Amino acid sequence: MIGTKYDEITTPWQNTFMTAGPGATVHNIPLQEGCSVDLSAHLSMSYSPRAIGLVKRALDPSAPAAPCVPRAPAF
């Protein structure tokens, strides 16, 4: 699950994340973890290069690391 600290829909933003049930594994990733300059909000997260990179890496571990580029929130 990928979430953003600047989510204006899910409040508090930590509610975005899942809790693993018995025998399950969940990997919750704050978009800003390791990249404080990506200020993407709820809607702009869908086209954040970092979010896209994190998804690609989750689907293919050999994919390049997610980029960290400055992003302003969309209003």
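The model is predicted: local features need pLDDT of at least 70, side-chain atom pairs count only at pLDDT 80 or more, and totals for chains, interfaces and linings use all residues. Residues are numbered from 1 along each chain as its sequence is written, and side-chain values use heavy atoms, with hydrogens and water left out.

Start with the rings. Rings of Phe, Tyr and Trp (its six-membered ring) pair if their centres lie within 6.5 Å; planes under 30 degrees apart are stacked, over 60 edge-to-face, the rest tilted. The count is 1 aromatic pair. The ring centres of tryptophan 13 and phenylalanine 17 lie 5.8 Å apart with planes at 85 degrees, so the pair is edge-to-face. Buried means under 20% relative accessible area, exposed over 50%, partly exposed in between (1.4 Å probe, protein chains only). Tryptophan 13 is buried at 19%. Phenylalanine 17 is buried, also with 19%.

Leaving aside neighbours within four places in sequence, asparagine 28 contacts (heavy atoms within 4.5 Å) Met1, Phe17 and Met18. Its side chain reaches the backbone oxygen of methionine 18 at 2.9 Å. Asparagine 28 is partly exposed, with a relative accessible area of 25%.

Now take aspartate 38. Not counting residues up to four places away in sequence, aspartate 38 touches residues including Tyr6, Arg50 and Arg71.

Technical notes. A polar contact is a pair of N or O atoms within 3.5 Å; within protein, one must be able to donate a hydrogen and the other to accept it, and residues adjacent in sequence count only if both atoms are side-chain atoms.
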